[in-house]
Amino acid sequence: MRLTETADVWWKNAVVYCLDIETFFDTDGDGRGDIRGLSQRIDHLAELGVTCLWLMPFYPTPDRDDGYDITDFYGVDSRLGTHGHLVELITLAQDRGIRVIADLVVNHTSDQHPWFQSARASRESPYRDWYVWRDEPPADAAEGIVFPDQETSLWQYDEQAGQYYLHQFYKQQPDLDIANPQVREEIIRIIGFWLQLGLSGFRVDAVPFLLDTKGAQDAGALPDPHDYLRDLRAFLNRRNGHALLLGEVNLPYQDTRKFFGDEDGDELTMCFDFIGMQKLYLSLARSDPAELVKALNERPVPPEEAQWGTFVRNHDELTLDKLTEQEKQEVFDAFGPDQDMQLYGRGLRRRLPPMLGNDPARIKMVYSLLFSLPGTPVLFYGEEIGMGENLSVDGRNAVRTPMQWTSGVNGGFSAADPDNLFRPMVEGELSPEYVNVADQRRDPDSLFSWIKLLVQRYRESPELSWGTCTILATEAPSVFAHRSDCEGGTVIALHNFADEPAEVTIAVAGAAAGLRVADLLSGAVTEVGTDGTFRHRVEGYGCCWLRVLRPGDRYLV
């Protein structure tokens with residue numbers, strides 16, 4: 001496919017930015033962010049270069065799982081705003097070239113949802129079969145618990161219903177029965193509703209759990225769950241051919257590849273690269289990129305119009321579940337040695353800067369790597385300024401603290417009394433006094449300025465998003481080198497995982513004269529030898545993106 005034919009496949013070189021409306025900006029002084037606040041800060045995202053805004057749940061909720069326990073899939077939580085406010089936000093974003101997607105959380109509902117309230121009240125309820133019930137829990141009821149510190153079984157007895165119901169997450173989140181055709185039709189109806197209001201797609205929560213029918217009594221009604229995923233994609237394409245399905249699929253690579261669909265990519269548009277992320281942290285812990293290289297070499301090539309979503313931090317715990325116990329312990333020792341920094345024994349509830357000792361060079365190197373790796377970069381709000389976590393906040397919410405806009409009270413997030421904030425601010429050396437948007441926007445050496453540059457260069461370099469990636473061998477074990485080639489263009493990226501400088505020799509081409517490489521991040525231009533190689537020094541935790549210039553090529557910084 002030629003680049004001139006790819007304008008509609010916008011996700012291939014998107015910059016995705018995930019945020020929770022409740023923690024972004026508060027306009028009414030109640031201590032909780034709101035949709036109007038996000039609308040007022042939309043230019044921050046535009047300035048950064050974001051092209052896709054991913055909204056965490058904004059639906060009505062009892063808020064026992066940060067909004068992932070939903071009571072109305074068609075509603076907007078009144079504490080955040082109205083449908084009108086949301087449509088206004090989508091319009092403002094689109095005016096700035098930013099598409100908006102939202103979490104699609106349809107594996108389960110809140111136990112306060114009217115469907116479940118009806119279902120538990122009577123076996124004759126039309127919603128009874130929308131959930132998964134049993135008279136007795138199965139023998140394996142304790143296997144596969146997602147939250148082992150909170151739950152002891154996947155089945156919960158309900159006194160009113162007189163039966164056990166399945167909940168693969170918290171007990172207050174009963175699972176919907178995806179084997180029920182009425183449930184599948186309702187999910188499609190939900191998707192159609194939000195597309196009509198202007199969304200450009202969805203981040204699909206917990207996809208393997210959504211498609212899991214083993215707990216259902218009539219699982220035979222859906223012999224291949226992937227058929228339903230194909231149906232969802234087909235419906236999405238009929239309603240909006242440019243819409244996205246970004247899937248949360250934390251499985252081994254070969255199993256994740258199945259969720260893209262066939263070679264034409266008829267299921268998920270994008271899948272998160274959980275394994276690449278985990279191997280990245282193992283490589284950082286070892287100051288050696290070998291494990292990341294291994295993961296990238298093993299990662300399946302997605303269908304032509306599909307893409308991997310790459311990230312270094314997301315809204316949940318930083319899961320390490322695909323590492324061996326020894327590897328996991330290495331990462332814990334390096335980045336979360338205290339028990340309070342860990343979660344469920346399988347992940348970290350920390351943000352990147354404090355894990356890396358707030359080392360600016362190392363932090364900048366990691367984000368350079370994120371934007372140069374093959375895949376679509378996904379940022380979690382606050383990453384652009386190097387926010388930290390607040391470990392006094394329970395569980396995953398340690399990294400979901402209010403956005404830090406200024407050095408003033410509450411970081412400029414809210415005019416409420418600090419004691420009345422929806423969630424407390426980060427404290428210590430990464431508090432708003434030291435880390436905030438206002439200060440970093442005026443500092444050309446800040447992390448914000450660096451990520452803004454990375455976004456700009458990434459968007460200017462189709463080789464990185466559309467090209468063929470080749471891992472390059474170097475004589476320096478600490479230096480990760482790869483090249484991306486697309487339609488005659490070549491970008492070579494070098495990243496040093498160690499704190500000591502290293503020199504590498506890179507082969508650009510066969511014997512050739514007049515070749516140069518231009519560093520897209522610094523503007524420096526280096527001559528390539530007539531043998532087609534050049535030698536380059538990479539500082540400790542240094543990085544560079546080098547575009548190959550052939551005779552006659554012109555390059556403007």
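Helix 15, residues 447-459, has 13 residues that should span 18 Å at 1.5 Å a residue, and its end C-alpha atoms are 18 Å apart, which agrees. The expected span is 1.5 Å times one less than the number of residues, and helices here are DSSP runs (H or I, at least four residues), with strands likewise (E, at least two), numbered from the N terminus. This is a predicted model, in which local features need pLDDT of at least 70, side-chain atom pairs count only at pLDDT 80 or more, and totals for chains, interfaces and linings use all residues. Residues are numbered from 1 along each chain as its sequence is written, and side-chain values use heavy atoms, with hydrogens and water left out.

Buried means under 20% relative accessible area, with a 1.4 Å probe and protein chains only. Among the buried residues are W450, R457 and Y458. Their packing partners include helix 13 (360-372) and strand 22 (543-549), where contact means heavy atoms within 4.5 Å.

I turn now to helix 5. Helix 5, residues 181-196, has 16 residues and reaches 23 Å from its first C-alpha to its last, close to the 22 Å expected. At the N-terminal end, N180 caps helix 5, with a side-chain oxygen 2.8 Å from the backbone nitrogen of Q182. After helix 5 comes G198, whose phi is positive, near 120°. The buried residues of helix 5 include R184, E186 and W194, and the elements packed against its buried residues include helix 3 (83-95) and helix 7 (225-239).

Notes
Buried means under 20% relative accessible area, exposed over 50%, partly exposed in between (1.4 Å probe, protein chains only). A polar contact is a pair of N or O atoms within 3.5 Å; within protein, one must be able to donate a hydrogen and the other to accept it, and residues adjacent in sequence count only if both atoms are side-chain atoms.
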